[in-house]
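Welcome, and please open your viewer. We will go from stop to stop, with something to select at each one.

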Amino acid sequence: KTGINVKCDAISWGDAHSKYLTSIAGGVAPDIGTMGLTWGAEFGSLGAMIDLKKEYASDVASIKEEVFAGLWNSIEYNGKAYGIPFDMTEYILYYRSDIIPKAPQNWDELTKVLIDLNKNGKGMIFDWGSLNWIGYSPFLWQAGGDYYNRDYTAVTVNSPQAVRAMKFFAELYRKYNVPKTKIPLEQGMRTGDFPLAISGNWKIDDLRLLAPEIAGKWEIATLPKGPTGKNTAFIGGRIVGIFSQSKHKEEAWQFIKYLFTPEVQSKLYEASIAKQDAYLPPNKKTWDLLKMDTRLKNVLVEQANDSKGPPAVANWDSSAKYVDEAIQKVILQNSDPQKELDTARSELERLLKK
């Protein structure tokens, strides 16, 4: 489009964080990087990323209007944006429609479905987020709780709403027999042993490819609603930003804006399908162009409109492990939810003040 040449290097997700840190320290960071939602805040606080909101205020304001709100709120850190969304992933509910005719609409219906399934030796799995903060977060938000207050000046992970969510999340394992070990969604759905599952959107393609024998026998739905009447789900993905060391900032920004256009995002989606990947576009306008089953598209858009991502704090990656510890002690050791969340709060406060 512009004549600007762009060299792309692929790095594995497991190595990306450490490689970026090494390149920053060595003064050899790339011009552009895609990274986890919270990495921009982390690297930006180190002075390694440019604040796109400051450098390209008008462009970023327009982009923000086109991004799913829950996704954007995980990106903007202290009024700064060190990246814009590159792609997204979201939590959804999967169910065998030949076994469960209608998806549970709220927590009460969910427990009733689980009771019936348990009677027949069946159950539900968390294919993504089992025994950790990603799986717990939707229940926290649906109960009206959160990890921090709105402006991230205080930790609220031990609020009454958080305790209520933790008790319910633990009951799913302890009372309703959600497995504590990892069971792939496509396996559980194919056999019918676990006809209800919560996982990421990429499992749609996995089910098609790895369990073709149940085609037409499964559906997706939004998550059941919590006490607040909301069915807020986890939304994740990657951002793309410009490193401060770049000598080609203007060209880099042109490329990033190009990647955000609906036309390019729809091509990325089509290419991902061909390669059996799982790209979902973060630009809401792109969804009108997607060649996707309307039924699936409607569920994915509805859930994305009521979703939240990880907290926009620089130390979230270090903080999340304390939430995981609380979850695992409550579920695996029958520890008191209030006690464990109080402990998590102390650790999150310590890291927040760093």
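Which residues are buried in helix 15? Select P337, E340, L341, A344, L348 and L351, and you have them. Keep in mind as you look that this is a predicted model.

Now turn the view to look down the axis of helix 15: the buried residues fall within an arc of 90 degrees, so they line one face of the helix. In general, an α-helix has 3.6 residues a turn, so residues three or four places apart point the same way.

Next come the salt bridges, of which the structure holds 18. Start with K64 and E76, whose side chains meet at 3.6 Å, N to O. K64 belongs to helix 4 and E76 to strand 2, so this pair ties together parts 12 residues apart in sequence. K64 is partly exposed at 36% relative accessible area, while E76 is buried at 18%.

Move on to R238 and D87, where the closest N and O atoms are 2.7 Å apart. Here strand 10 is tied to the loop between strand 4 and strand 5, so the bridge joins parts 151 residues apart in sequence. D87 is buried, at 7%, and R238 is partly exposed, at 30%.

For a last stop, select D127, K182, E186, K203 and D206 together: salt bridges link them in a network.

Methods. Residues are numbered from 1 along each chain as its sequence is written. This is a predicted model: local features need pLDDT of at least 70, side-chain atom pairs count only at pLDDT 80 or more; totals for chains, interfaces and linings use all residues. Side-chain values use heavy atoms; hydrogens and water are left out. Buried means under 20% relative accessible area, exposed over 50%, partly exposed in between (1.4 Å probe, protein chains only). Helices (H or I, at least four residues) and strands (E, at least two) are DSSP runs, numbered from the N terminus. The arc is that of the directions from the helix axis to the C-beta atoms. A salt bridge is a side-chain nitrogen of Lys or Arg within 4 Å of a carboxyl oxygen of Asp or Glu.
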